[in-house]
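Please look over the sequence and the model shown here before reading on. The report that follows takes up a few parts of the structure in turn.

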Amino acid sequence: MENFQYYTPTRVVFGKGTEDRTGELVRQQGCRKALIHYGGGSVVRNGVLDRIYRSMDAAGVDYISLGGVVPNPRLSLVYEGIELCRKENVDFILAVGGGSVIDSAKAIGYGMTNEGDVWDLFEGKRQAQACLPLGAVLTISAAGSEMSDSCVITREEGWLKRCYISDFCRPKFAVMDPELTMTLPAYQTASGCVDIMMHTMERYFNRSDNMEMTDGISETLIRTVMKNAKILMKEPDNYDARAEVMWAGSLSHNGLTECGTDGGDWACHQMEHELGGMFDVAHGAGLAAIWGSWARYVLDSRPERFAEFAVKVMGVEPAADDRETALRGIESMEDFYRSIGMPADLHELGLEVTEEQLRELADKCSYFGSRTVGIVRSLEKGDMYQIYKNALGY
């Protein structure tokens with residue numbers, strides 16, 4: 001096993017009606033004026049935003065609002081938020097939504113506390129020295145941003161999607177009421193479940209001598225999400241299933257499932273970021289569409305790990321050798337994706353990708369040939385191109 005540090009400073013307030021405590025939690029941060037950041041109309045239509053406003057008013061916390069966050073959150077709105085926060089002397093950001101809203105809030109927080117263009121952080125030109133404190137009221141179980149150290153932003157110029165990682169952006173608190181996720185469309189619920197699973201799978205597929213404890217947590221988490229995803233496709237208002245998935249989302253991306261490992265592979269996330277940047281697809285669905293192609297491409301670099309996954313997570317009976325067991329596990333996972341309405345390749349995702357676009361995706365993911373991605377197997381630009389091509393599904 002590898003040496004590790006585990007740091008999770010976020011206070012979790014979990015359960016029915018917990019959003020009514022939001023104002024009190026913000027006030028406890030010593031906030032003078034908050035930005036309430038949110039996405040589209042769903043939090044308005046279902047009354048969540050009004051309940052947050054009432055909670056803030058009751059706690060005596062001054063605030064302003066900025067909506068408009070979209071999936072694959074845009075840099076232009078981040079700039080708008082930074083300008084608004086500076087004008088209004090905001091000292092706390094409250095994100096009301098899912099991962100896109102929380103990531104946008106994190107980027108605004110970075111822009112408020114660091115000199116220069118905030119996009120420089122996402123391009124690796126400099127490192128953050130601070131982030132404005134923030135909290136989250138979670139309405140979508142997926143990205144795990146409510147407890148994570150990362151955020152992902154899309155720059156419209158060139159449609160580049162980039163991630164920045166730093167402990168500075170970890171939320172001070174996360175309010176998590178599973179009931180707030182019950183009105184999500186089935187596709188969005190399923191996509192979120194895949195995202196949660198992939199955050200753990202990216203860490204599970206590594207080159208470490210893994211800890212039995214961490215593996216056991218990871219395997220149980222993935223199986224739990226799979227079980228409850230199927231329940232939610234039939235019973236979207238099942239509170240217990242919603243709760244299991246919501247808590248799994250946080251644990252999948254707060255560092256718990258990488259303790260004692262080398263951190264994991266993350267090639268699928270890097271490659272999906274470019275799909276999201278180019279085609280604006282749902283993140284979880286994009287991950288499902290690329291995963292099988294990636295897995296088959298790299299499995300010979302560590303067939304025993306893929307076989308272990310097949311047996312312990314997918315319940316596959318061991319075959320004559322690890323490679324055959326691994327392939328059965330990959331097929332079983334793809335069958336699961338389809339069972340909850342997720343794609344197993346780019347064609348099923350609804351994309352018709354041209355040769356020119358395949359090469360552009362590989363260019364952008366490799367930073368135009370200047371970097372590799374992945375740990376199970378280090379992938380260069382040509383490897384990325386082939387994985388994208390194999391993922392076409394025909």
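Which residues of S6 lie on one side and which on the other, and are they buried or exposed?

## A strand covered on both faces

On one side of S6 are Ser150, Val152 and Thr154, on the other are Cys151, Ile153 and Arg155, and all of them are buried, where buried means under 20% relative accessible area, exposed over 50%, and partly exposed in between, with a 1.4 Å probe and protein chains only. Strand S6 covers residues 150-155, and since six of its six residues are buried, the strand is largely enclosed by the rest of the structure. Helices (H or I, at least four residues) and strands (E, at least two) are DSSP runs, numbered from the N terminus.

This is a predicted model, in which local features need pLDDT of at least 70 and side-chain atom pairs count only at pLDDT 80 or more, while totals for chains, interfaces and linings use all residues. Residues are numbered from 1 along each chain as its sequence is written, and side-chain values use heavy atoms, with hydrogens and water left out.

S6 pairs with strand S7 (residues 160-165) in the antiparallel sense over six bridges, pairing being assigned if DSSP finds at least two bridges between two strands. Within this pair, threonine 154 stands opposite lysine 161 in S7. Four residues lie between the strands of the hairpin, and glycine 158 takes a positive phi near 85° there.

Tryptophan 159, also found in the loop between S6 and S7, has a positive phi of about 50° although it is not a glycine. Most residues other than glycine have a negative phi. With 38% relative accessibility, tryptophan 159 counts as partly exposed. Neighbours within four places in sequence left aside, serine 166 is in contact with Tyr110 and Asp149, contact meaning heavy atoms within 4.5 Å.

## Nonpolar cores

A nonpolar core is a set of buried Ala, Val, Leu, Ile, Met, Phe, Trp, Tyr and Cys residues joined through side-chain atoms within 4.5 Å. The largest such core has 66 residues, of which Met201, Trp291, Trp294, Phe309, Met333 and Tyr337 touch the most other members. Helix H11 (residues 283-298) gives the most to this core, contributing nine residues.

When neighbours within four places in sequence are left aside, tyrosine 337 is in contact with Val194, Met198, Met201, Ala288, Trp291, Met342 and Pro343. Apart from this core lies another, of 37 residues, whose members include Tyr110, Met112, Ala136 and Ile153.

## Cysteines

A search of the whole structure finds zero disulfides, a disulfide being a pair of cysteine sulfur atoms within 2.5 Å. For cysteine 151, the closest cysteine sulfur is in cysteine 169, at 5.3 Å, which is too far for a bond. Cysteine 151 counts as buried, at 1% relative accessibility.

Cysteine 365 is likewise in no disulfide, and the nearest cysteine sulfur, that of cysteine 268, is 10 Å away. At 0% relative accessibility, cysteine 365 counts as buried.

## Two phenylalanines

Phenylalanine 368, which is found in the loop between helix H14 (355-365) and helix H15 (381-390), has a positive phi of about 60° although it is not a glycine. At 56% relative accessibility, phenylalanine 368 counts as exposed.

Phenylalanine 279 is found in helix H10 (residues 267-279) and, at 23% relative accessibility, counts as partly exposed. Apart from neighbours within four places in sequence, phenylalanine 279 is in contact with Leu351, Val353, Gln357 and Leu361.

## The protein as a whole

The protein has 15 helices and eight strands. Its radius of gyration is 20 Å, which agrees with the value near 21 Å that a compact globule of 394 residues would have; the radius is taken over C-alpha atoms, and the globule rule is 2.2 Å times the number of residues to the power 0.38. The C-alpha trace spans about 65 × 45 × 45 Å along its principal axes.

Of the 394 residues, 59% count as buried. Among contacts with a separation of 6 or more, 77% are accounted for by residues 24 or more positions apart.
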